[in-house]
Amino acid sequence: MLYTSGLSIFKKIKRKLKPYYVMKNHGNDVVAPDQLDLEQYRNGVLTWPGFRVNYLAKLMRPEAEEWMKRVSGEAVSEDVVLVSDEEDVEHCYRILLAEMMVNMFSGQMNVRYMGELKV
């Protein structure tokens, strides 16, 4: 199963989950948003729709697709969670990533997104 979580909530979860930190410098940079886009969005220079377009374009790159396919495959047989430091669930890139993974691979692999983790 595939889940998403903010970092502060994830630290409180007692279940055994395999985390993928979708943040810069955590080994998953091919699917982490560009730092400039994040800064511009957080400072109000870039709107959420603009950020979303830029981020989804990044996820269409071959290296991002390869990462999503590998992690989606893992999520079929174990509980995987996409973790970011974003607290705003309504405007959160980890959820965009999870939805993209399901849209791309649910037919091939039966990966299912179970939503945001709660304490």
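# Close-up views of a predicted model

**View 1. The buried side of helix H4.** Ala64, Trp67, Met68, Val71, Ser72, Glu74 and Ala75 are the buried residues of H4. They sit on the same side of H4, because they cover an arc of only 160° around the axis. That arc is taken from the directions from the helix axis to the C-beta atoms. Buried means under 20% relative accessible area, exposed means over 50%, and partly exposed lies in between (1.4 Å probe, protein chains only). Helices (H or I, at least four residues) and strands (E, at least two) are DSSP runs, numbered from the N terminus. This is a predicted model, in which local features need pLDDT of at least 70 and side-chain atom pairs count only at pLDDT 80 or more, while totals for chains, interfaces and linings use all residues. Residues are numbered from 1 along each chain as its sequence is written, and side-chain values use heavy atoms, with hydrogens and water left out.

**View 2. Helix H4 and its surroundings.** What do the buried residues of H4 pack against? They pack against strand E1 (2–6), strand E2 (18–21), H3, E3 and H5. Contact here means heavy atoms within 4.5 Å. The face turned away from the buried side of H4 carries exposed residues: Pro62, Glu66 and Ser77. The length of the helix can also be checked. H4 has 16 residues, which should span 22 Å at 1.5 Å a residue. Its end C-alpha atoms are 24 Å apart, which agrees. The expected span is 1.5 Å times one less than the number of residues in the helix.

View 3. Glu74 and Arg70 join their side chains in a salt bridge, at 3.5 Å from N to O. A salt bridge is a side-chain nitrogen of Lys or Arg within 4 Å of a carboxyl oxygen of Asp or Glu. Side chains of opposite charge can pair when their charged atoms come close. Glu74 and Arg70 are 4 residues apart in helix H4 (residues 62–77), so about one helical turn separates them. Glu74 is buried at 16% relative accessibility. Arg70 is partly exposed at 41%. Salt bridges with shared partners join Lys18, Arg70 and Glu74 into one network. The whole structure holds 7 salt bridges.

View 4. Arg42 forms a salt bridge with Asp85, at 3.6 Å from N to O. Arg42 lies in helix H2 (residues 35–42) and Asp85 in the loop between strand E3 (80–84) and helix H5 (93–109), so the pair ties together parts that are 43 residues apart in sequence. Glu86 also forms a salt bridge with Arg42, and their closest N and O atoms are 3.3 Å apart. This pair links distant parts of the chain, with Glu86 in the loop between E3 and H5 and Arg42 in helix H2, 44 residues apart. Is Glu86 buried or exposed? Glu86 counts as buried, at 12% relative accessibility. Arg42 is partly exposed at 43%. Asp85 is partly exposed at 39%.

**View 5. Strand E1 and its neighbours.** E1 is mostly covered, with 5 of its 5 residues buried. Leu2, Thr4 and Gly6 are buried on one side, and Tyr3 and Ser5 on the other. E1 pairs with E3 in the parallel sense, over 5 bridges. Leu2 stands opposite Val80 in E3. E1 also runs parallel to E4, joined by 2 bridges. Thr4 stands opposite Glu116 in E4. Two strands pair if DSSP finds at least two bridges between them.

View 6. Asn25 has a positive phi of about 70°, although it is not a glycine. Asn25 sits in the loop between E2 and H2 and is exposed, at 61% relative accessible area. Asn110 has a positive phi of about 60° and is not a glycine either. Asn110 is in the loop between H5 and strand E4 (113–116), where it is exposed at 56%. Asn28 lies in the loop between E2 and H2, but is buried at 7%. Which residues does Asn28 touch, not counting those up to four places away in sequence? Asn28 touches Tyr20, Tyr21 and Trp67.

**View 7. Pro49 and His91.** Pro49 belongs to helix H3 (residues 48–59). Pro49 is exposed, at 52% relative accessibility. Pro49 and His91 are 42 residues apart in sequence, and their C-alpha atoms are 9.6 Å apart in space.
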